[in-house]
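Hi,

Here is the structure I promised to pass on. Have a look at it first, and then read my notes below.

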Amino acid sequence: MSAGNARPVPRMFRFLSALLLGGVSVGAQAAPEREHLLWEGQGHWSAAAGLPQGAGFLLAGVAIQPPSADAEPGEAPRGDGLAAWIDLEGKPRWLRSYGGDGMDSFAAVSPAADGGACLAGASGAIDEARDAWVVRVGTRGETLWQQRIGAEGDDFATGVIALDDGGCLVALTQEVRGVPEIRLHRLAANGKDRGLIPQSATGKKAWPKGISGALHRLAPVATADGGLREGGYLLEGTQFDGKGQSRPFVLSLSPDGVPAAPRLLDRNGSATRAFPQGGMTYVSWHGYDRQDRPLIHGARLSADGESRLTLASGAVLAASLAEWGTRGVVAAVNIESEGAAPALHITPFAEQAKPLARFQGKRGFALARAERILLVAGATAPTVHGAPGRPWLALLDDETAKPAPPPVTAAETSTEAPAEAGAADKATVPGESTLRLPDGGQLFAGTRERSGSAWPQAYLRRVDADGRTLFERDLPHPQAVVTAMQTLRSASGYLIGLSVPALPGPASQRLLAVTVDGELILNTPCAEGEGRFLELSDNGKGHLSARGERTTPERSRPFSCKTRL
């Protein structure tokens, strides 16, 4: 946004957007420590996502640049969007800042299937209204495109999902005549804004008035014929009633982004955090007891009802949620007490549970899990002079609940140059799975590592009896692994069982079919969760079936599905 179209910003709305996206610090606390810093400057991490196959984590937040020593009194600081990819030991693969000369920040991140990511937040000049801001990055954090979405007021993106077509689904809050309203936009693979998704199929209903939150991918849903369909998405947020009350809510959306009615959680609350897991949704929000004392509520929501609890009470801020191995769902609860340094507690999702881990002088704004590691990310406490803290993170081991890697400092930041465009893939020996064909040829399913990418590229290769390649094609889910193959009876081609890890959200098992020439003719979900296919079947009349086993931290469970070709 240029100075030529500067817009005034209502004071309350500016505070709300700053609270979500950076620029507001609460209280004056002890000086920060340096043990878990990736960035030497001020700022914080706002969002994180675990990557599949042990590739580590993506982080997003804001790097705050304080005014220079010769700045005018009261001059506002500027900020850059901050993002990083770190491995499971906490070492950065890349670390970059984004933006211009104003206040730019990220509040959400979603890994993309090509090894890049969608980043979302807000961007604008100092002391002007900001626009919602989405940046699509490549495998080294390089900007592929960026898009701003703005109206006449202060707008900011709070949630994002990377789509299979290379685009981004974005949840944002947009100021309309001084009132914040929730919006959902779909951006194409080239960054073009495809426009607002209406609340209903007719487009006549407006989106809720309030503050949007994060977007989550939902698990596939069982169909009447024993198959699965795409599960859609979940949006968290806070709805305003126009009478000074705010109500936390969660809202489910179809795979096309069309939402159902909001599920309201409380008469007065805010800062909703949700974590969908299977058929259950875990939710936390900031509220008050009957004596108007602050506390963190929690609820387990299902189609059959809900159960409620109190996660923490006293002077508390919002709690983020994630799964942590056999400990189940855990919450990052920020404890704020007057006259004392803030404390961050990692607690089970249970009534006033005893913390599993504590961090003094830290605040946690994001949780994510990859392999057996839980990432906690946020900021150190503000300094005694009231300056913002610094981006901070910790990695906790599943078994010990103690810090997993050695401390990480800015000196360890990677300086490796970005990979050149079109760099050759590192070929691996094909045949992780092999299907011998009636004509004497073979069908290989393999993976090859891609330079600078978080995930390998899955592919199929068919050869004839003399070893000559007849076709080779990449599979539509590059990070997946083929666990079963069979020749089709209903058509000239092959049936493929594909295990797709989370990206993020639930992993899934998918059925694919390709012709003898490699053309994809079927790509459908079969089961949710980590696992593998054990048997594929084709009755010769277009009816396909499969069975396999899901793998969980505790045990294996069978799954099966049916579909038509």
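Which strand does A271 lie in? A271 is part of β19, a strand that covers residues 270-277. Strands here are DSSP runs of E with at least two residues, and helices are runs of H or I with at least four residues, both numbered from the N terminus.

Before I go on, a word on where this comes from: it is a predicted model, where local features need pLDDT of at least 70 and side-chain atom pairs count only at pLDDT 80 or more, while totals for chains, interfaces and linings use all residues. Residues are numbered from 1 along each chain as its sequence is written, and side-chain values use heavy atoms, with hydrogens and water left out.

**Backbone**

Most residues other than glycine have a negative phi. A271 has a positive phi of about 55°, although it is not a glycine. Its relative accessibility is 25%, so A271 counts as partly exposed (buried is under 20% relative accessible area, exposed is over 50%, and partly exposed is in between, with a 1.4 Å probe and protein chains only).

You'll find Q352 in the loop between β25 (343-348) and β26 (357-360). Q352 counts as partly exposed because its relative accessibility is 44%.

**Disulfides**

How many disulfides does the structure hold? There are two, where a disulfide is a pair of cysteine sulfur atoms within 2.5 Å.

One of them joins C118 and C168, with the sulfur atoms 2.1 Å apart. C118 sits in strand β6 (residues 117-123) and C168 in strand β10 (residues 168-176), so this pair ties together parts that are 50 residues apart in sequence. The link of C118 and C168 is left-handed, with -80° about the S-S bond. Are these two cysteines buried or exposed? Both C118 and C168 are buried.

The other disulfide is formed by C526 and C561, whose sulfur atoms are 1.9 Å apart. This pair links distant parts of the chain, with C526 in strand β37 (residues 520-528) and C561 in strand β40 (residues 556-564), 35 residues apart. The link of C526 and C561 is left-handed, at -105° about the S-S bond. C526 and C561 are both buried.

If you number the bonded cysteines of the protein in sequence order, the pairing reads 1-2, 3-4.

Cheers
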